[in-house]
Amino acid sequence: MKGLFKSKPRTPADVVRQTRDLLIYAQRSPDSRESKREEKMAELSKNIRELKCILYGNSESEPVSEACAQLTQEFFRENTLRLLIMCLPKLNLEARKDATQVVANLQRQQVHSKLIASDYLEANIDLMDVLIQGYGDTDMALHYGAMLRECIRHQSVARYVLESEHMKKFFDYIQLPNFDIAADAAATFKELMTRHKSTVADFLSKNYDWFFAEYNSKLLESSNYITRRQAVKLLGDILLDRSNSAVMTRYVSSRDNLRILMNLLRESSKSIQIEAFHVFKLFAANQNKPADIVGILVANRSKLLRLFADFKIDKEDEQFEADKAQVVREIAALEPKELS
Amino acid sequence: MAAHEVQKQEPSTSRKSPFPLAPTPTKSSMRSAPASAPSSTKPCVPPSTTRVVAIKSIDLDRSRSDFDAFRRETKTMSLLSHPNILSAHCSFTVDRRLWVVMPFMSAGSLQSIISSSFPNGLSEPCIAVILKETLNALSYLHDQGHLHRDIKAGNILMDSDGSVKLADFGVSASVYERNYLGTSSSLSSSTTSSYRLTDVAGTPYWMAPEVVHSHNGYGCKADIWSFGITALELAHGGPPLSNLPPSKSLLLKITKRFNFSDYEKHGGADKNKSKKFSKSFKDMVGLCLDQDPNKRPSAEKLLKHSFFKNCKGSDFLAKNVLGGLPSVEERFRVLGGLKSEDDEDEDESARERVKNRRISGWNFDEDGLHLNPVFPTESSDSVVDPTESASGSVVKMVRFGGETIIPLSSESHESCLSSPGRVAEEERGDESGESSLESNLSSLAGADSIAVGVDREAMVGGLTAFMRSLDEQRQNVGTLIGLLRGEEVGEVMMSREEQMGQVVDRLRVELENERERNFQLEMELEFLRIQISGAYTTTGSATGSID
């Protein structure tokens with residue numbers, strides 16, 4: 001029987017079809033005959049490995065674009081991706097890793113110069129819910145997380161995730177106790193907040209209030225060192241992006257935000273101080289500071305100037321020094337404003 | 001040992017560990033690492049278990065990255081599952097430090113085993129077992145599209161039962177992931193070019209020539225080269241050419257194929273021992289050290305090599321290697337008493353340094369020019385890791401020591417003072433920094449020379465060997481200087497000239513990029529200033545009148 005199969009090489013589409021059949025089998029709850037099930041699961045793993053080999057090639061051969069296209073087309077013709085995502089917890093570790101790499105690769109495969117994965121995901125956007133919730137499952141988080149990061153390369157998918165209720169959960173996922181999972185969630189969060197500029201700008205302007213309230217209280221004021229450090233770095237990246245300039249001007253006009261950033265400037269960690277400075281300078285450089293911002297800066301002027309006087313980074317950085325000099329000038333020149 | 005067995009029993013689909021994800025009080029059998037150490041590893045006993053685990057603690061405040069490297073390392077370590085790979089139980093942050101909890105491999109790294117008990121290398125049957133286990137791990141890794149990129153004896157750990165695990169995935173990389181980093185959603189590049197890496201990573205002596213010359217990219221076969229070097233390291237007690245500064249070794253590797261006979265030739269000082277190796281061993285190593293990566297066998301293929309036939313098991317190792325071996329703690333104490341760091345830590349810090357080089361955009365060809373210790377002015381401006389200055393790690397220190405040579409050798413300077421080679425040294429004037437290094441190295445056993453005192457015989461032998469290599473180096477420097485001045489030097493220089501040309505070209509491109517980036521940043525800042533002032537001009541003028 002096996003010899004018969006081997007004699008005729010399967011096409012990539014055959015492999016996809018067979019994988020799909022086996023996935024449907026795997027999805028059903030296990031019946032009495034366990035031994036047969038194990039066999040089938042092993043076969044499923046083998047098929048997934050083969051899909052991976054077609055897409056990535058192996059040590060002997062490079063991937064063939066024709067075969068990749070065939071595979072991709074067949075894969076998205078029916079609901080194979082959904083089946084694969086749903087069955088992932090039933091697979092063993094090696095098969096999970098293979099499946100993750102297959103899904104990742106498929107997001108970039110073009111058929112007739114079209115990313116058909118994007119179309120498929122738009123029609124099956126609820127799959128994102130499964131992937132995001134994966135962060136709550138220690139065993140699945142790294143697999144689902146890696147898939148998710150690939151899927152949000154599609155702008156429409158990223159928009160869905162940004163606007164979904166799940167966005168709030170990221171603030172917790174980032175602080176999960178397992179470092180590998182928390183770091184994965186942080187990487188996904190960063191990708192969401194920086195990859196598609198216009199979508200992000202749109203999201204931030206619409207969701208400014210709750211987003212930055214959460215961002216400030218949960219991330220920037222977290223008790224977790226690594227959360228604070230990553231958050232203040234990402235905040236700098238977001239605010240300094242020119243597509244987010246409207247959000248930036250709004251952010252640097254709030255005295256609450258200023259207070260938080262000034263606290264970060266006082267941290268004992270040099271790295272956090274430096275990242276905080278890159279955000280703080282925006283408050284200082286703002287040519288039209290609201291009166292309360294000016295008030296705070298004037299009240300803390302001597303402390304701030306003293307802080308900046310011995311504020312150095314290890315390696316020389318002209319830009320940093322120039323920024324610092326400008327911030328110092330701005331603060332030194334401030335006159336208290338009366339609220340008119 | 002217990003940790004090992006339990007880990008095997010864990011089903012591969014579950015990674016839920018019984019370990020607490022917080023630093024509940026642990027019994028540590030060692031002093032804690034000095035605050036200055038970027039990372040340290042020590043064995044601990046978590047409460048509610050009897051298992052001893054190793055905890056690698058990394059100071060995150062010292063790393064400037066966005067932790068992507070740590071994310072990748074911990075992810076790799078928790079997703080790999082193979083009896084010959086050291087995986088992590090769990091990892092979590094404790095204030096500013098990242099703790100990675102791993103099984104404790106009680107016998108330590110092979111590098112430390114060799115330097116403490118087998119300075120002249122291990123016996124062939126032992127080497128076969130170690131290499132075979134390592135190959136199993138490599139074969140698994142490569143199958144997953146993973147490159148280890150830092151294969152060496154220092155990263156191969158042994159447990160008390162003789163089991164062997166490959167460790168340290170700090171610079172490992174996935175060929176699948178990396179390929180996509182730069183490219184956008186377009187597929188064209190990934191279909192035409194194979195999955196290759198281009199960044200330089202690893203430890204100089206073990207690095208394959210194509211990694212050093214990484215502009216063409218490299219793949220799994222780079223690990224095979226390092227594996228071959230590791231074989232030599234196990235056989236001789238140190239990697240080939242480790243008596244030469246790293247940059248020179250790199251140049252040599254690139255310019256010619258080297259094999260056992262070369263090794264003997266360059267091995268210099270301690271080659272009075274006559275060690276015989278079997279034909280199959282030499283053949284196996286020869287295959288790994290082929291200049292052409294495509295001609296090197298894959299890990300899977302190597303496993304079928306005749307050298308690994310009739311290979312003994314781990315109990316054989318336990319009996320022949322671990323018998324009479326001082327414990328890891330013992331070895332630490334011998335290593336000078338002032339260090340509380342594991343050998344892994346030294347790897348860690350060294351690794352950081354290699355990374356730093358990469359980040360700062362240097363490549364090793366450049367190093368060949370700039371960090372070659374023949375120019376002693378270059379060698380003084382580097383950071384010295386205190387842990388590497390102590391005697392036991394002499395061999396290690398030198399590996400990365402292209403830039404750290406002089407300040408490290410205070411102890412060895414003293415030993416030089418009493419040696420007859422002193423005069424010769426002085427004659428060389430500004431090169432004395434290097435010579436102290438060389439003499440230091442010539443007694444390759446390193447630690448012994450300091451602990452035991454100076455052996456005149458060995459010193460003389462070492463110095464003569466050193467003189468020879470110095471002459472050779474001087475010649476090389478001459479040619480380099482000649483090249484720099486644009487003179488034609490000799491007829492040998494064709495290939496070297498090409499190399500220099502490449503280096504110059506690459507530097508130029510880098511400079512150009514740097515300039516461009518600088519310009520962009522400036523533009524951005526300018527834009528920002530305009531934005532800030534612009535956003536308020538309208539409201540500003542309005543309020544201005546009120547003011």
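Strand E3 of chain B, residues 53-59, is mostly covered, with seven of its seven residues buried. The model is predicted. Cover reaches E3(B) from both faces. On one side, Val53(B), Ile55(B), Ser57(B) and Asp59(B) are buried. On the other, Ala54(B), Lys56(B) and Ile58(B) are buried as well. The strand also has a partner. E3(B) pairs with strand E5 of chain B, residues 97-103. The pairing is antiparallel and spans seven bridges. Within it, Ile58(B) stands opposite Leu98(B) of E5(B). Strands of a sheet pair through backbone hydrogen bonds, in a parallel or an antiparallel way.

Helix H2(B) covers residues 68-79. Of its 12 residues, 10 are buried, so H2(B) is largely enclosed by the rest of the structure. The buried residues are Phe70(B), Arg71(B), Arg72(B), Glu73(B), Thr74(B), Lys75(B), Thr76(B), Met77(B), Ser78(B) and Leu79(B). An α-helix has 3.6 residues a turn, so residues three or four places apart point the same way.

Another part of chain B holds an open sheet. Three strands make up this sheet, in the order E6-E8-E9, with antiparallel pairing. Strand E6 (108-109) and strand E9 (164-166) of chain B stand at the edges. Each has a single partner strand, so one side of each is left without a neighbour in the sheet. Two bridges join E6(B) to strand E8 of chain B, residues 156-158. Gly108(B) stands opposite Met158(B) in E8(B). Helix H4 of chain B, residues 124-143, packs on the sheet. This helix touches E8 and E9 of chain B. Its direction makes about 40° with that of E9(B).

Further along chain B, an unreviewed UniProt entry lists residues 504-531 as a "coiled-coil region". In the model, this stretch of chain B is 100% helix and 0% strand. Its end C-alpha atoms are 40 Å apart.

Phe75(A) lies in helix H4 of chain A, residues 65-77. Buried means under 20% relative accessible area. Phe75(A) has a value of 0%, and is therefore buried. Leaving out residues up to four places away in sequence, Phe75(A) touches Val16(A), Leu51(A), Thr80(A), Leu81(A), Leu84(A) and Leu106(A). Pro12(A) is 63 residues from Phe75(A) along the chain. The C-alpha atoms of these two residues are separated by 9.6 Å.

The totals describe each chain as a whole. Chain A has 21 helices and two strands. Buried residues make up 56% of its 340 residues. Among contacts in chain A between residues at least 6 apart in sequence, 71% join residues at least 24 apart. Chain A exposes about 15,000 Å², of which carbon and sulfur atoms supply 50%. Chain B has 26 helices and 10 strands. In chain B, 55% of the 547 residues are buried. For contacts with a separation of 6 or more in chain B, residues 24 or more positions apart account for 72%.

Notes
Residues are numbered from 1 along each chain as its sequence is written. Chains are lettered from A and ligands numbered from 1 in the order in which they are written. This is a predicted model: local features need pLDDT of at least 70, side-chain atom pairs count only at pLDDT 80 or more; totals for chains, interfaces and linings use all residues. Side-chain values use heavy atoms; hydrogens and water are left out. Two strands pair if DSSP finds at least two bridges between them. Helices (H or I, at least four residues) and strands (E, at least two) are DSSP runs, numbered from the N terminus. Contact means heavy atoms within 4.5 Å. Axes are lines fitted to C-alpha atoms, for helices over the stretch in contact, and angles run from 0 to 180 degrees between N-to-C directions. UniProt positions are given in the numbering used here, feature names are shortened, and annotations may be inferred rather than shown by experiment. Buried means under 20% relative accessible area, exposed over 50%, partly exposed in between (1.4 Å probe, protein chains only). Accessible areas come from the Shrake-Rupley method with a 1.4 Å probe; for residues, only the protein chains shown count as cover. The expected span of a helix is 1.5 Å times one less than its number of residues.
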